[in-house]
Amino acid sequence: MVSFTYWNDCVDHKDLEAMWREPEVSTEWLDAGETKGQKIHLSRDPDGEPYLTQTEMKAVAEIVVRRHFDTHILPEMLCAIAELESDRLLLATNYDKKTKRTTVGIMQLSTETAKWLVSDVGYRIYDVEEHEEILFRPFVSAYFGAAHLKWLSNFEQKERSEEFIVRAYKGGTKKATHKSTLQYWKRYLSVKESLPSRKFVDEGPSSISLSTGSASSATKHVSAPSSEYAGGEHTYWDTRTSPEDMQEMWNHHDVAREWLKSGEKRGKVRFSHDKEKIPYLSQTEVKAVAGIILSKHFSTRGVKASVLCALAEIVSMRFINGVGNRTGLMGIDYSTAFWLYTELGYRAYRVESIDDMKNPFVSMYFGAAYLAYLSQYEGRERTPQFVVQAYVGGPKNVNLQETGPLWLKFEQALSTYEDVKKYGYKFNLAPEVC
């Protein structure tokens with residue numbers, strides 16, 4: 001049985017050196033406490049399964065394309081397909097009852113396909129005939145995934161469209177135009193567009209941008225994070241949140257693991273900072289804050305953690321001070337929070353000044369409260385499209401004929417917080433039933 005604990009277990013020395021030469025990777029690894037010359041830990045999901053971060057996947061794709069395909073294949077295509085096929089899980093394995101074939105690795109290739117690419121198409125860098133298990137290795141999987149994509153790009157000596165290539169990768173050339181692969185193509189486009197393109201991609205704030213406004217005004221375009229406190233003050237979690245909330249964070253398994261791996265200590269936990277030294281929350285931290293707030297204050301109110309996280313992505317890019325005229329993590333302005341506090345009775349957190357909204361827990365709490373209010377706006381149950389549009393632009397400014405771009409951005413953000421294979425893009429406000 002194949003198992004990997006370290007990067008050293010699944011790549012050779014040359015590949016590991018190539019990864020260290022990628023600036024984003026070396027930064028990510030050093031920030032996580034890894035040391036060059038020693039074994040590098042693989043990231044693991046809550047079930048203990050090893051996976052590649054988006055930074056690592058992007059680097060593997062770029063290295064493979066640069067070495068073997070002379071830019072004929074876009075690395076972004078490999079990254080998007082890896083997201084859809086395996087969620088970047090190195091040891092992912094799936095059995096298809098119809099074809100009776102098993103696909104493995106980050107690119108979900110069958111041994112039959114890999115052997116055919118070697119024997120008939122000429123991709124002979126790796127010996128899968130004698131060592132089938134190497135398909136679980138990231139560079140090997142990406143190599144054969146790219147080889148298959150390149151072959152599909154010129155299927156039957158015709159230059160093929162990206163849509164044909166992607167749909168054929170999923171269902172075979174006979175189903176490249178069949179309705180059974182259309183949804184896969186749509187999901188691919190959404191995932192590809194949402195792939196982080198900035199440096200520090202897996203741990204940095206999302207690059208999603210959109211036109212936003214205050215919760216009660218017409219939309220305005222904002223594109224820069226709030227400069228207040230940037231690059232100096234209030235860089236620690238402990239100065240922003242209560243001891244009780246900090247204890248909840250330390251009790252959260254994924255957060256504690258992330259913080260300890262980054263060298264954080266109780267009483268002085270640093271916020272992550274982007275290249276401009278502006279503090280933000282990691283995706284793990286956002287998910288934890290949302291989960292804690294919902295379990296303590298909204299367990300019966302039908303608000304979903306992944307929805308809150310996705311909204312945080314599109315309104316603040318996870319910057320703790322907010323973006324433009326959007327205050328805080330959830331973009332809730334002080335007047336809206338004060339109204340929710342005084343008029344609707346949401347009083348778990350006091351709001352006495354705008355600075356209170358720069359506490360991630362306070363912002364998340366009032367974001368959840370506002371979402372719950374909008375879901376029953378004017379006494380009737382509202383659609384997800386209405387709720388999202390109303391949250392961003394105000395309930396008086398909702399025009400469902402114009403929600404397409406905004407809704408797509410929301411879906412893109414949502415896909416990073418939900419299991420796409422399990423839930424698809426069906427969206428509701430209610431939490432999943434466990």
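This is a short tour of a predicted model, stop by stop.

Residues are numbered from 1 along each chain as its sequence is written, and side-chain values use heavy atoms, without hydrogens or water. Because the model is predicted, local features need pLDDT of at least 70 and side-chain atom pairs count only at pLDDT 80 or more, while totals for chains, interfaces and linings use all residues.

**Stop 1: the largest nonpolar core**

Select Trp7, Met19, Phe139 and Phe144, which touch the most other members of the largest nonpolar core, a set of 65 residues. A nonpolar core here is a set of buried Ala, Val, Leu, Ile, Met, Phe, Trp, Tyr and Cys residues joined through side-chain atoms within 4.5 Å. Buried means under 20% relative accessible area, exposed over 50%, and partly exposed in between (1.4 Å probe, protein chains only). Helices H1 (13-21), H2 (23-31), H3, H4, H5, H6, H7 and H8 (182-194) each supply at least two residues of this core. H6 gives the most, with nine residues. Helices (H or I, at least four residues) are DSSP runs, numbered from the N terminus.

Now centre on Phe144. Leaving aside neighbours within four places in sequence, Phe144 is in contact (heavy atoms within 4.5 Å) with Leu109, Ala114, Leu117, Val118, Tyr123, Tyr126, Val128 and Leu135. Another core, of 62 residues, lies apart from the largest one; Cys309, Val315, Phe361 and Leu406 are among its members.

**Stop 2: H4 against H7**

Select residues 75-86 (H4) and 162-171 (H7), whose axes come within 12 Å and cross at roughly 35°. The axes are lines fitted to C-alpha atoms over the stretch in contact, with angles from 0 to 180 degrees between N-to-C directions. Show the side chains of Met77, Ile81 and Glu85 in H4, which meet Glu162, Ile165, Tyr169 and Lys170 in H7.

**Stop 3: salt bridges**

There are 14 salt bridges, each a side-chain nitrogen of Lys or Arg within 4 Å of a carboxyl oxygen of Asp or Glu.

- Lys58 and Glu62: the closest N and O atoms are 3.4 Å apart. Both residues lie in H3 (residues 54-68), four residues apart, about one turn of the helix. Lys58 is partly exposed at 21%, and Glu62 is partly exposed at 22%.
- Glu83 and Arg88: N to O is 2.6 Å. Glu83 is buried at 16%, as is Arg88 at 11%.
- Lys115 and Glu132: N to O is 2.6 Å. Lys115 is in H5 (residues 111-121) and Glu132 in the loop between H5 and H6 (138-153), 17 residues apart. Glu132 is partly exposed at 36%.
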